[in-house]
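Biologist: Please put the model up, and then I will ask about the spaces inside it and one of its sheets.

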Amino acid sequence: MSHADTPIWAPDAARIAAANLTRFAAPLGFAPPDYGGLWRWSIEHPAEFWRAVWSFCGIEAKTAPRTVLEDAQRMPGARWFPGARLNFAEHLLRHRGAVPAIIATDERGRRRVLGRDALRTRVAAVAAALAADGVVAGDRVAGFLPNTLEAVVAMLAATSLGAVWSSCSPDFGEAGVLERFGQIEPKVLFACDGYTYAGKAIDTRDRVARIRAALPSLVRLVIVPFLEDVPDLAPLPDAVLMPDYGLPDAALRFTPVDFDAPLYILYSSGTTGKPKCIVHGVGGTLLQHLKELVLHADIKPGDRLFFFTTCGWMMWNWLVSGLAAGATLVLYDGSPFHPGPEVLWTLAQAERLTQFGTSPKYLSALDKAGYAPAAHHDLSALRTVFSTGSPLAPEQFDHVHRAIKTDVQLASISGGTDIVSCFALGNPWSPVYRGELQGAGLGMAVDVVDDAGRSLRGAPGELVCTRPFPSMPVGFWNDPDGSRYRAAYFERFPGIWHHGDFAEITAHGGLVITGRSDATLNPGGVRIGTAEIYRVVDAQPEVLESVVVGHRHDGDEDVILFVRLRDGQTLTEELARRIKGAIRAELTPRHVPAKVLACPEVPRTISGKITELAVRNLLHGEPVKNTEALANPQALDYFRNLPAAALR
C-alpha cells in the first residue's frame with residue numbers, strides 16, 4: 001500500500017510551543033518535532049514515563065504507591081502503582097468555580113448548563129442518596145440513559161463512593177440490556193422515561209419495568225425525566241424521580257480505593273455470543289485518559305470538548321474524563337441529522353467547540369448529503385476533529401479539510417472498549433498524512449506482526465502491543481481464574497496483547513488500520529483488509545454504504561460485495577462493472593469481488609460498526625448468536641434468505 005509523502009496538515013510553531021506535550025517533554029530531554037524519540041523512550045522506560053504522566057497531570061493518591069511498576073515482564077500480570085489508593089470522581093471534580101462543567105443539548109433544542117461548583121453539589125446529593133441505599137465500594141450502579149447531564153452526575157456519584165459504573169444507551173433492547181446488567185447484578189439502576197430520535201418519541205417505561213423485574217439485585221430504581229418533565233410512574237410504582245433522589249446539603253466525600261479497583265464495566269459487542277463484561281480499573285483508566293486528553297489531544301482548561309456518542313460506547317467514558325483536564329463537556333443526544341445535516345455544526349458554532357469527535361460513518365453521511373459546514377458556520381474555535389469507530393478512508397481526510405475546515409488537525413484514533421482508550425492517535429507535534437493515524441500512543445508498545453509474530457514494516461499484519469500498559473483490563477467479570485481474559489487477548493501470541501485489528505506501520509511512523517483481522521478477506525491466500533474495499537466502493541455516488549465478506553467456495557474464498565444504494569438507484573450490470581473496475585484500478589485484481597449484490601440494509605452494531613462476521617456466518621448457513629447486539633437485526637433477513645445460487 002502506498003501513502004502520500006506530503007502531509008495534509010502540520011502544526012505551526014505557535015501551536016507546538018503552546019502544546020501541553022512540549023512542556024511535558026522538556027524536563028525529560030525531548031523537544032519537538034521528535035515524537036518518535038519520545039515514544040521510544042516511553043516504552044523503553046515505562047516506570048519513568050508513567051511517573052512523569054502521573055506528576056504532570058496532577059494525579060493525587062490518598063495513600064502513595066510503593067513503586068510505579070511491579071512484575072514488568074508479566075503480560076498479563078504487571079502491577080501499576082501498587083499500594084496507591086485514590087478516587088476517580090475526585091479528579092474529575094477537582095476544578096472549581098462557575099465555569100460551565102457540562103452543557104447538555106439534544107435534538108429538541110433543549111440546552112442545560114451546570115457549572116463546576118453546581119456539579120459538585122449535585123453529585124454530593126446523589127452520592128449521599130446512594131450511600132443511604134447501602135451502596136458501598138465495589139457495588140455496581142448501572143445506567144440505562146441518554147447522553148445527558150444526569151448520566152454524568154450518576155456516574156460521578158457512584159464512583160465517588162468507590163462503586164462500579166456500567167451503562168447502556170436506551171436504544172438497547174430489553175434482552176440486550178439484561179445480557180449485560182444481568183451478569184453484573186447492579187444494586188441501583190438509573191433509567192430514563194424515554195428519548196427522541198429523528199423527531200420520534202420513544203417511551204421506555206414499559207421496557208424499564210421489565211428490566212427492573214428481571215434484576216433481583218436492584219434495591220432502587222431512579223427514573224431520569226427526559227422525554228417528559230414529570231413522567232407518569234404508574235408503570236414503575238417502586239421508582240423515584242431523579243429530581244427527588246438526593247440529600248440536599250450533603251457534603252461531598254470521596255472513598256479512596258486501590259489503583260486497580262474496578263471503575264467501569266464495559267461490554268464486547270456480543271455478536272458472537274453473550275457480551276464479555278470487561279472490567280477497567282480506577283487508576284489505569286484515569287492515568288491513560290489524562291495522558292491522551294492532555295498530551296495527545298492537547299486539551300486545556302476552558303476548552304469545549306464534544307464527542308458524538310451514546311452512553312453505550314466507550315467514547316462516552318473517554319469524553320467524561322475531559323472534566324479532569326478542565327474542559328467543558330458539550331453533550332448532545334439524538335440524531336446527528338435532525339432536523340438536518342447542519343445540527344451538530346450549529347452546535348459547534350454556538351458553543352465554540354474546540355474539539356469535535358465523530359465517526360467515519362457520520363463523515364461519510366455528511367459528504368453524501370452534500371453538506372459543507374465551512375460554508376455555513378463559524379468554526380474558528382475548532383482546533384481538532386477526532387474520528388474513530390472504524391477506519392477513516394483517505395478520501396475522508398480530503399473531505400474534512402475541504403468541507404469542514406482547512407486548518408484543523410484531523411486525529412484519526414484507534415483503540416477500543418477492550419482498553420477504554422487508544423493504541424494509536426494524534427499528537428500536537430507531528431504532521432498528518434492522508435489516510436494515516438499520526439502514530440502509536442506514548443507508553444504503548446504498538447507493533448504490527450506477521451502470523452509468526454515477526455515485526456512488519458510497510459506491509460499489513462496483526463496489530464499487537466508487546467509490553468504492559470496501565471489501562472489493560474483488570475479482568476473480566478465472573479472470570480475468577482482469568483482464563484477467559486487470557487484467551488481473549490494472549491492466546492494468539494503468548495505474552496503479547498493481540499488486538500484483532502489488521503494494520504500497517506508506514507514510513508512516517510503512522511498507522512493505517514485496514515479492518516478487523518477476523519473479518520479479513522483471504523482470496524487465493526492473500527489477506528485483504530475490508531476497509532480498503534469500503535474506501536473505493538463507498539466513494540461511488542450511487543452507493544450509500546456496503547459490506548464485503550469472504551465466501552468459501554471450491555476450496556478457495558470468493559469476495560462477495562453487498563451494496564446499499566441511494567433511493568431510486570438500481571444495481572445495473574453497468575454499475576456493477578464500474579464498481580469492480582474502480583476496485584481493480586485503485587487496489588489490485590485480487591480485491592475485485594466475484595459478485596456484487598444489492599442489499600436493503602447493512603447490519604451494524606449499536607455502536608455503528610459493520611458486522612461482517614454476522615453476514616459471513618449467514619452465507620455459510622451458520623447461526624448469528626446474538627442479534628440483540630445489532631442496531632438493525634432485521635437487516636440480517638436478506639442475507640439469511642439469500643439463495644446459495646446468488647453467490648455463484
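Predicted model: local features only at pLDDT ≥ 70, side-chain atom pairs only at ≥ 80, totals over all residues.

Modeller: Residues are numbered from 1 along each chain as its sequence is written, and side-chain values use heavy atoms, with hydrogens and water left out.

Biologist: What makes a space a cavity and not a pocket?

Modeller: On a 1 Å grid over the protein atoms alone, a cavity is a set of points where a 1.4 Å probe fits but cannot get out, whereas a pocket is an open set with protein on both sides within 12 Å along at least five of seven lines. Four cavities of 30 Å³ or more come out of this rule.

Biologist: What volume does the largest cavity have, and how is a volume defined?

Modeller: The largest cavity holds about 60 Å³ of space. A volume is the space filled by probe spheres set on the points, with grid points joined across faces, edges and corners.

Biologist: How does the lining of the largest cavity divide by residue type?

Modeller: It has six nonpolar, one polar and two charged residues. Ala, Val, Leu, Ile, Met, Phe, Trp, Tyr, Cys and Pro count as nonpolar, Asp, Glu, Lys and Arg as charged, and the others, Gly among them, as polar.

Biologist: Which residues of the second largest pocket's lining are closest to its centre?

Modeller: The second largest pocket has a volume of about 570 Å³. Of its 31 lining residues, Ala78, Asp260, Pro473, Val474 and Gly475 are closest to the centre. The lining divides into 16 nonpolar, nine polar and six charged residues.

Biologist: What makes S25 and S27 a pair?

Modeller: Two strands pair if DSSP finds at least two bridges between them. Four bridges join strand S25 (residues 461-465) to strand S27 (residues 497-505), and the two run antiparallel. Valine 464 has histidine 498 in S27 as its bridge partner.

Biologist: Why are S24 and S28 called edge strands?

Modeller: The open sheet has the order S24-S25-S27-S28, with antiparallel pairing. Strands S24 (446-449) and S28 (511-516) each have a single partner strand, so one side of each lacks a neighbour in the sheet.
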